[in-house]
Amino acid sequence: MNDSIISVKDLKKSYGSQKVLDGINFEVERGQIFALLGENGAGKTTTIRILSTLIRPDEGIAMIDGLDTYREANSVKKRISLTGQYATVDELLTGEENLQMMGRLNHLNRSTVKKRTATLLKQFDLLEAAKKQAKSYSGGMRRRLDIALSLLANPKVIFLDEPTTGLDPRSRLNMWILIKELASNGITIFLTTQYLEEADQLADKIALIHNGKIVVEGTAEELKRMIGEEKLVLQFQSEANLIKAHNLLDGQTDHESKCLILTVKDTTEDLRNTLNTLHEQDMMPIDIYFRKPTLEDVFMEITSHKPEGEVKYG
C-alpha cells in the first residue's frame with residue numbers, strides 16, 4: 001500500500017513574469033530516498049523552499065506527513081530538517097557543543113540533548129573529534145556534523161541539498177553510506193545533487209525537472225531504459241578532431257575527455273559505418289568502446305529536447 005510522506009499536487013510558483021514551477025506533481029514514500037534532478041534554474045531549490053516552509057506556492061498543495069506546508073507550517077517544521085550545500089556549523093564551537101546548542105534551539109530537555117548528542121557523535125564517527133573545534137574538521141567531518149545537527153530533533157524528513165559538494169571521492173563515498181543508513185532507519189531523504197552518479201547509486205526514485213515541469217519520473221533503471229540503446233564512445237587525440245567528428249556525426253561531446261558519445265542500434269553495422277566516415281576524413285579515434293546508458297545520457301536526452309509531456313514509471 002502506498003504510504004506517502006511527501007505529496008505535491010499542481011504546484012506553481014512565479015517570480016514576476018518568470019514561471020519557476022509550472023504545475024508539478026510527485027509523491028515520496030516514507031523511508032524512501034528521492035532525488036530531484038535538473039539544470040540550474042529548473043526549479044529544484046524553489047521546490048525545496050516550499051516543502052521546507054520557507055516560501056509559499058502561488059497555487060497547488062505541498063504536504064508533509066499529511067500537513068500543509070503553508071497553512072500548518074509550524075507543525076511541518078517539527079517533522080523536517082534542511083541541510084544546504086555548505087556546512088553551517090559554528091567553527092568556534094566543538095562538535096559536541098554544536099550539537100548541544102542545536103538541542104537548546106530545538107527546546108529539548110537536557111537529558112534528551114545529552115543522550116542524542118552521544119548517539120549522534122558515535123553514529124557519525126565523530127567521537128574522537130567531539131572536543132575539538134569544528135574549524136579543525138575536514139570537509140567530510142563538517143558535512144557529517146552538519147547532518148548530525150539536522151537529526152538532533154528526530155525529523156521524519158531530511159532535505160539534503162547538494163550534500164557532497166566540495167567533498168573528495170572518499171568522503172563522498174562515506175557520505176553515500178551514511179545516507180543509505182539513514183534511510184534504512186526509516187528517515188525519508190529528499191536529495192538534490194549535481195552528481196548524476198550519486199542519484200544513480202542512492203535514489204529509490206528519481207524525478208527530473210525541466211522548465212518548471214516534472215518531465216520524467218521512475219527508478220534509475222527505468223529511466224535508463226528510456227534511452228535503450230548502447231552508447232558508442234569515440235575518444236580523440238585533439239579537441240579539433242573532436243569538433244570535426246561532432247560536426248560529421250552529431251552525438252554528445254565530453255570536451256574534458258575529448259570523447260564523442262553516439263547512440264547505436266545495430267552495434268556492428270553502426271561501428272563499421274562510423275569508422276568508415278571518420279577514415280574518409282583522416283581522423284580516426286585513439287580509443288573506441290561501447291557502454292550501457294547512464295543517467296547522464298537520460299539527463300542530456302531530456303533537457304536537450306522540449307518535452308511533450310510527463311513520463312512516469314511504477
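Me: Hi! What volume does the largest pocket have?
Reply: About 760 Å³. A pocket here is an open set of 1 Å grid points where a 1.4 Å probe fits, with protein on both sides within 12 Å along at least five of seven lines, and the volume is the space filled by probe spheres set on those points. Bear in mind that this is a predicted model: local features need pLDDT of at least 70, side-chain atom pairs count only at 80 or more, and totals for chains, interfaces and linings use all residues. Residues are numbered from 1 along each chain as its sequence is written, and side-chain values use heavy atoms, without hydrogens or water.

Me: Which residues are closest to its centre?
Reply: Gln194, Leu196, Glu296, Phe299 and Met300, out of 33 lining residues (those with an atom within 4 Å of a point).

Me: And which elements supply at least two residues of that lining?
Reply: Helix H1 (44–51), E12, E13, E14 and helix H11 (295–303). Helices (at least four residues) and strands (at least two) are DSSP runs.

Me: How many bridges join E11 and E14?
Reply: Five, with E11 covering residues 231–235. Valine 233 faces tyrosine 289 of E14.

Me: Switching topic: how much space is in the second largest pocket?
Reply: About 600 Å³. Its 25 lining residues include Ile80, Ser81, Leu82, Met102 and Asn106, the closest to its centre. Strand E6 (80–83), helix H3 (95–105) and helix H5 (139–151) each give two or more residues to this lining.

Notes. Two strands pair if DSSP finds at least two bridges between them.
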